[in-house]
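Biologist: Could you take me through the charged pairs and the nonpolar packing of this chain, one step at a time?

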Amino acid sequence: MAEVTYYTQEGLDKLKQELHYLKSEGRINIAKAIAEARDKGDLSENAEYDAAKEAQGLHETKIAKLEEVLSSARLIDESTLDTSKVLALSYVKLKNKKNNSVMTYQLVSETEADLKSGKISVKSPIAQGLLGKSVGDVAQIEAPVGVMEFEILEIYR
């Protein structure tokens, strides 16, 4: 059984939309590619057909993995979560103690992580160092450049 993963409503909706696309339009596109390759003649020497069949296999594997992720996905009711500590789905405003830069991250599941939009995986080293901490705490996080210190300025949902 897969590990239970917690999602925001937005993240769960994205996964469901992707699965729907893969099962509908994605499968139709693969079937068309196989049909076009089949029409080109002898299948034993048809590299295009082999490539299309391989793409179909990869596509079905992706669908199976996504279905597995969704079967173990749980939606978190953010309104019931404690905001006194850093938890999954928390927004955390941090200050880097070395250069005084301030940043805000949301701790999300691995599949929702997107650094450009300020979402980091709860399994990342930074998130692991922040989990359970409160406002005013200083988290020491091991990074490739050495130990980094972040002061927690604010926690919110």
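Biologist: Which residue's side chain does glutamate 18 meet in a salt bridge?

Modeller: This is a predicted model, and what follows is computed from it. Glutamate 18 lies in helix H1, which spans residues 9-38, and its partner lies in helix H2, which spans residues 47-71, 44 residues apart. With an N to O distance of 3.6 Å, inside the 4 Å limit for a salt bridge, the partner is lysine 62.

Biologist: Is glutamate 18 buried, partly exposed or exposed?

Modeller: Buried would require a relative accessible area under 20%, and exposed one over 50%. Glutamate 18 has a relative accessible area of 31%, so this residue falls between those limits, and lysine 62, at 43%, falls between them as well. The class of glutamate 18 is therefore partly exposed.

Biologist: How far apart are the closest N and O atoms of lysine 23 and glutamate 67?

Modeller: Lysine 23 and glutamate 67 form a salt bridge. Because lysine 23 lies in helix H1 and glutamate 67 in helix H2, the pair ties together parts that are 44 residues apart in sequence. Lysine 23 is partly exposed at 36% relative accessibility, as is glutamate 67 at 33%. The closest N and O atoms of the two are separated by 2.7 Å.

Biologist: Which residue forms a salt bridge with glutamate 60?

Modeller: Glutamate 60 belongs to helix H2 and its partner to helix H1, 33 residues apart. The N to O distance is 2.8 Å, and the partner is arginine 27.

Biologist: How many salt bridges does the count come to?

Modeller: Beyond the pairs already discussed, a network of salt bridges links Glu10, Lys14 and Lys119. By the 4 Å rule, the count comes to 7.

Biologist: Turning to the nonpolar packing, how many residues are in the largest nonpolar core?

Modeller: Strands S3 (91-96), S4 (102-108), S6 (138-143) and S7 (146-156), together with helix H3 (125-130), each supply at least two residues of this core. The members that touch the most others are Val86, Val92, Leu94, Leu107, Leu130 and Ile152. The size of the largest core is 15 residues.

Methods:
Residues are numbered from 1 along each chain as its sequence is written. This is a predicted model: local features need pLDDT of at least 70, side-chain atom pairs count only at pLDDT 80 or more; totals for chains, interfaces and linings use all residues. Side-chain values use heavy atoms; hydrogens and water are left out. Helices (H or I, at least four residues) and strands (E, at least two) are DSSP runs, numbered from the N terminus. Buried means under 20% relative accessible area, exposed over 50%, partly exposed in between (1.4 Å probe, protein chains only). A nonpolar core is a set of buried Ala, Val, Leu, Ile, Met, Phe, Trp, Tyr and Cys residues joined through side-chain atoms within 4.5 Å.
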